[in-house]
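This briefing concerns the structure shown below. Please read it alongside the sequence and the model.

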Protein chains: 2
Amino acid sequence: MNEPGFAATAEPPYYAVIFTSQRTDVDDGYDAMATRMVELAARQPGFLGVESTRSPSGFGITVSYWTSLASIANWRNHAEHRLAQAEGLSRWYSHFATRVTRVERAYSRP
Amino acid sequence: MNEPGFAATAEPPYYAVIFTSQRTDVDDGYDAMATRMVELAARQPGFLGVESTRSPSGFGITVSYWTSLASIANWRNHAEHRLAQAEGLSRWYSHFATRVTRVERAYSRP
(Lines give C-alpha, C1' and ligand atoms only; values in the text may rest on other atoms or scores of the structure.)
Protein backbone atom coordinates (compact mmCIF):
# COMPACT_ATOMS: atom_id res chain seq x y z
CA MET A 1 0.00 0.00 0.00
CA ASN A 2 1.11 3.57 -0.56
CA GLU A 3 2.34 5.56 2.39
CA PRO A 4 0.36 8.73 2.66
CA GLY A 5 2.34 9.68 5.78
CA PHE A 6 0.81 11.43 8.76
CA ALA A 7 -2.90 12.21 8.87
CA ALA A 8 -3.70 15.83 9.67
CA THR A 9 -6.64 15.25 11.97
CA ALA A 10 -8.24 18.01 14.03
CA GLU A 11 -9.02 17.98 17.74
CA PRO A 12 -10.71 14.89 19.23
CA PRO A 13 -13.20 13.42 19.53
CA TYR A 14 -13.23 11.56 16.24
CA TYR A 15 -12.95 7.88 15.31
CA ALA A 16 -10.13 5.61 14.17
CA VAL A 17 -10.32 2.19 12.53
CA ILE A 18 -7.21 0.13 13.23
CA PHE A 19 -6.72 -2.56 10.60
CA THR A 20 -3.88 -4.99 11.33
CA SER A 21 -3.00 -7.58 8.71
CA GLN A 22 -0.53 -10.21 7.62
CA ARG A 23 -0.10 -10.40 3.86
CA THR A 24 0.15 -13.69 2.01
CA ASP A 25 2.74 -14.09 -0.77
CA VAL A 26 0.00 -13.59 -3.37
CA ASP A 27 0.32 -10.30 -5.27
CA ASP A 28 -2.23 -10.57 -8.05
CA GLY A 29 -3.56 -7.03 -8.04
CA TYR A 30 -2.99 -6.27 -4.38
CA ASP A 31 -1.17 -2.95 -4.83
CA ALA A 32 -3.74 -1.62 -7.29
CA MET A 33 -6.56 -2.59 -4.94
CA ALA A 34 -4.85 -0.97 -1.94
CA THR A 35 -4.22 2.25 -3.83
CA ARG A 36 -7.79 2.28 -5.10
CA MET A 37 -9.24 1.73 -1.63
CA VAL A 38 -7.31 4.70 -0.23
CA GLU A 39 -8.53 6.91 -3.07
CA LEU A 40 -12.09 5.69 -2.64
CA ALA A 41 -12.05 6.05 1.14
CA ALA A 42 -10.80 9.62 0.80
CA ARG A 43 -13.96 10.49 -1.14
CA GLN A 44 -16.38 9.13 1.44
CA PRO A 45 -18.30 11.44 3.76
CA GLY A 46 -16.63 11.80 7.13
CA PHE A 47 -13.15 10.72 6.00
CA LEU A 48 -10.39 12.56 7.90
CA GLY A 49 -7.21 10.79 6.83
CA VAL A 50 -5.27 7.54 6.78
CA GLU A 51 -1.90 6.27 7.99
CA SER A 52 -0.51 3.00 6.73
CA THR A 53 2.69 1.02 6.88
CA ARG A 54 3.90 -2.53 6.32
CA SER A 55 7.18 -4.22 7.10
CA PRO A 56 9.11 -6.38 4.62
CA SER A 57 7.75 -9.46 6.42
CA GLY A 58 4.23 -8.46 5.37
CA PHE A 59 2.86 -7.38 8.74
CA GLY A 60 0.92 -4.16 8.24
CA ILE A 61 -1.12 -1.61 10.16
CA THR A 62 -3.50 0.84 8.52
CA VAL A 63 -5.38 3.41 10.59
CA SER A 64 -8.16 5.41 8.97
CA TYR A 65 -9.79 8.39 10.70
CA TRP A 66 -13.45 9.36 10.53
CA THR A 67 -15.81 11.94 11.96
CA SER A 68 -18.42 9.44 13.17
CA LEU A 69 -19.41 5.80 13.57
CA ALA A 70 -21.98 6.38 10.81
CA SER A 71 -19.26 7.34 8.32
CA ILE A 72 -17.32 4.17 9.27
CA ALA A 73 -20.41 2.02 8.74
CA ASN A 74 -21.01 3.70 5.40
CA TRP A 75 -17.47 2.93 4.25
CA ARG A 76 -17.58 -0.65 5.54
CA ASN A 77 -20.71 -1.28 3.47
CA HIS A 78 -19.54 0.48 0.30
CA ALA A 79 -20.05 -2.00 -2.58
CA GLU A 80 -16.56 -1.80 -4.06
CA HIS A 81 -14.99 -1.92 -0.62
CA ARG A 82 -16.98 -5.05 0.21
CA LEU A 83 -15.62 -6.76 -2.88
CA ALA A 84 -12.08 -5.82 -1.84
CA GLN A 85 -12.76 -7.15 1.66
CA ALA A 86 -13.89 -10.50 0.25
CA GLU A 87 -10.83 -10.72 -2.01
CA GLY A 88 -8.60 -9.75 0.87
CA LEU A 89 -9.97 -12.54 2.99
CA SER A 90 -9.63 -15.17 0.27
CA ARG A 91 -6.27 -14.20 -1.21
CA TRP A 92 -4.27 -11.31 0.19
CA TYR A 93 -4.38 -11.68 3.96
CA SER A 94 -3.59 -14.76 6.00
CA HIS A 95 -4.96 -13.04 9.08
CA PHE A 96 -6.38 -9.66 9.98
CA ALA A 97 -7.98 -7.78 12.84
CA THR A 98 -10.17 -4.68 12.75
CA ARG A 99 -10.83 -2.43 15.71
CA VAL A 100 -13.19 0.52 15.71
CA THR A 101 -12.09 3.11 18.26
CA ARG A 102 -12.99 6.55 19.52
CA VAL A 103 -10.05 8.97 19.75
CA GLU A 104 -10.09 10.67 23.13
CA ARG A 105 -6.78 12.54 23.13
CA ALA A 106 -4.13 13.30 20.52
CA TYR A 107 -0.81 15.11 20.38
CA SER A 108 2.12 15.25 17.99
CA ARG A 109 5.66 16.59 17.72
CA PRO A 110 7.37 18.63 16.61
CA MET B 1 11.34 -2.64 16.64
CA ASN B 2 10.46 -6.28 16.97
CA GLU B 3 7.27 -7.52 15.44
CA PRO B 4 5.28 -9.25 18.11
CA GLY B 5 2.50 -9.93 15.58
CA PHE B 6 -1.17 -9.80 16.44
CA ALA B 7 -2.32 -8.84 19.92
CA ALA B 8 -4.75 -11.30 21.50
CA THR B 9 -7.08 -8.82 23.10
CA ALA B 10 -10.40 -9.80 24.69
CA GLU B 11 -13.81 -8.26 24.06
CA PRO B 12 -14.13 -4.46 24.05
CA PRO B 13 -14.24 -2.06 25.68
CA TYR B 14 -10.54 -1.50 26.25
CA TYR B 15 -8.08 1.21 25.17
CA ALA B 16 -5.55 1.55 22.36
CA VAL B 17 -2.66 3.98 22.02
CA ILE B 18 -1.79 4.61 18.38
CA PHE B 19 1.79 5.83 18.00
CA THR B 20 2.73 6.89 14.47
CA SER B 21 6.33 7.87 13.79
CA GLN B 22 8.90 8.67 11.16
CA ARG B 23 12.38 7.45 12.02
CA THR B 24 15.48 9.53 11.41
CA ASP B 25 18.60 7.88 9.97
CA VAL B 26 20.14 7.79 13.44
CA ASP B 27 20.46 4.28 14.88
CA ASP B 28 22.54 4.72 18.00
CA GLY B 29 20.74 2.30 20.30
CA TYR B 30 17.30 2.58 18.76
CA ASP B 31 16.62 -1.14 18.37
CA ALA B 32 17.72 -1.95 21.90
CA MET B 33 15.52 0.86 23.26
CA ALA B 34 12.51 -0.29 21.24
CA THR B 35 12.89 -3.90 22.36
CA ARG B 36 13.35 -2.80 25.97
CA MET B 37 10.23 -0.60 25.85
CA VAL B 38 8.07 -3.48 24.60
CA GLU B 39 9.42 -5.73 27.38
CA LEU B 40 8.86 -3.03 29.97
CA ALA B 41 5.37 -2.14 28.73
CA ALA B 42 4.38 -5.80 28.90
CA ARG B 43 5.12 -5.81 32.63
CA GLN B 44 2.96 -2.79 33.44
CA PRO B 45 -0.46 -3.17 35.05
CA GLY B 46 -3.26 -3.13 32.52
CA PHE B 47 -1.14 -4.06 29.49
CA LEU B 48 -3.07 -6.21 26.99
CA GLY B 49 -0.75 -6.42 23.99
CA VAL B 50 1.08 -4.53 21.28
CA GLU B 51 1.21 -4.52 17.49
CA SER B 52 4.00 -2.76 15.66
CA THR B 53 5.35 -2.42 12.15
CA ARG B 54 7.61 -0.12 10.16
CA SER B 55 8.26 0.15 6.44
CA PRO B 56 11.77 0.33 4.92
CA SER B 57 11.25 4.11 4.52
CA GLY B 58 11.06 4.44 8.31
CA PHE B 59 7.36 5.19 8.69
CA GLY B 60 6.03 3.14 11.58
CA ILE B 61 2.86 2.49 13.53
CA THR B 62 2.79 0.92 16.99
CA VAL B 63 -0.52 0.22 18.73
CA SER B 64 -0.49 -0.79 22.38
CA TYR B 65 -3.62 -2.05 24.16
CA TRP B 66 -4.59 -1.36 27.75
CA THR B 67 -7.41 -2.06 30.16
CA SER B 68 -7.90 1.56 31.24
CA LEU B 69 -6.89 5.18 30.82
CA ALA B 70 -5.22 4.92 34.22
CA SER B 71 -2.91 2.15 32.99
CA ILE B 72 -2.00 4.29 29.96
CA ALA B 73 -1.21 7.27 32.17
CA ASN B 74 0.90 5.05 34.42
CA TRP B 75 2.93 3.82 31.44
CA ARG B 76 3.31 7.29 29.94
CA ASN B 77 4.80 8.51 33.23
CA HIS B 78 7.07 5.52 33.84
CA ALA B 79 10.54 6.93 34.51
CA GLU B 80 12.46 4.77 32.03
CA HIS B 81 9.78 5.29 29.40
CA ARG B 82 10.01 9.04 29.87
CA LEU B 83 13.74 8.93 29.21
CA ALA B 84 13.09 6.94 26.02
CA GLN B 85 10.46 9.47 24.97
CA ALA B 86 12.93 12.33 25.40
CA GLU B 87 15.61 10.48 23.44
CA GLY B 88 13.09 9.63 20.75
CA LEU B 89 12.15 13.25 20.36
CA SER B 90 15.74 14.45 20.17
CA ARG B 91 17.29 11.72 18.03
CA TRP B 92 15.21 8.86 16.69
CA TYR B 93 12.01 10.41 15.35
CA SER B 94 11.70 13.33 12.99
CA HIS B 95 7.97 13.45 13.67
CA PHE B 96 5.45 11.48 15.67
CA ALA B 97 1.81 11.50 16.68
CA THR B 98 0.13 9.78 19.62
CA ARG B 99 -3.58 9.11 19.88
CA VAL B 100 -5.31 7.63 22.91
CA THR B 101 -8.45 5.79 21.87
CA ARG B 102 -11.22 3.68 23.33
CA VAL B 103 -11.89 0.45 21.42
CA GLU B 104 -15.62 0.09 20.81
CA ARG B 105 -15.77 -2.93 18.49
CA ALA B 106 -13.30 -5.53 17.30
CA TYR B 107 -13.30 -8.53 15.00
CA SER B 108 -10.68 -10.68 13.30
CA ARG B 109 -10.32 -13.41 10.70
CA PRO B 110 -9.90 -16.24 10.24
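An open sheet of eight strands is ordered β2(A)-β3(A)-β1(A)-β4(A)-β4(B)-β1(B)-β3(B)-β2(B), with antiparallel pairing. At its edges stand β2 (47-54) of chain A and β2 (47-54) of chain B; each has a single partner strand, so one side of each is left without a neighbour in the sheet. From one strand to the next, the twist averages 25 degrees.

The model is predicted: local features need pLDDT of at least 70, side-chain atom pairs count only at pLDDT 80 or more, and totals for chains, interfaces and linings use all residues. Residues are numbered from 1 along each chain as its sequence is written, while chains are lettered from A and ligands numbered from 1 in the order in which they are written.

**Strand pairing**

- Helices (H or I, at least four residues) and strands (E, at least two) are DSSP runs, numbered from the N terminus, and two strands pair if DSSP finds at least two bridges between them.
- Strands of a sheet pair through backbone hydrogen bonds, either parallel or antiparallel.
- Between the chains, β4(A) and strand β4 (residues 93-109) of chain B pair in the antiparallel sense over 13 bridges; Ala97(A) has Ser108(B) in β4(B) as its bridge partner.
- Strand β1 (residues 14-23) of chain B runs antiparallel to β4(B) and is joined to it by 10 bridges, with Tyr14(B) bridged to Val103(B) in β4(B).
- Seven bridges connect β2(B) with the antiparallel strand β3 (residues 59-66) of chain B, where Ser52(B) is opposite Thr62(B) of β3(B).

- Apart from neighbours within four places in sequence, Val63(A) is in contact (C-beta atoms, placed from the backbone, within 7 Å) with residues including Ile18(A), Val50(A), Ile18(B) and Ile61(B).

**An exposed helix residue**

- Glu80(A) belongs to helix α3 (residues 79-92) of chain A.
- Glu80(A) is exposed because 11 other C-beta atoms lie within 10 Å; a residue is buried at 20 or more such atoms, exposed at 12 or fewer, and partly exposed in between, with C-beta atoms placed from the backbone.
- The C-alpha atoms of Glu80(A) and Arg23(A) are separated by 20 Å, the two residues being 57 residues apart along the chain.

Key:
Axes are lines fitted to C-alpha atoms, for helices over the stretch in contact, and angles run from 0 to 180 degrees between N-to-C directions. Two residues are in contact if their C-beta atoms, placed from the backbone, lie within 7 Å.
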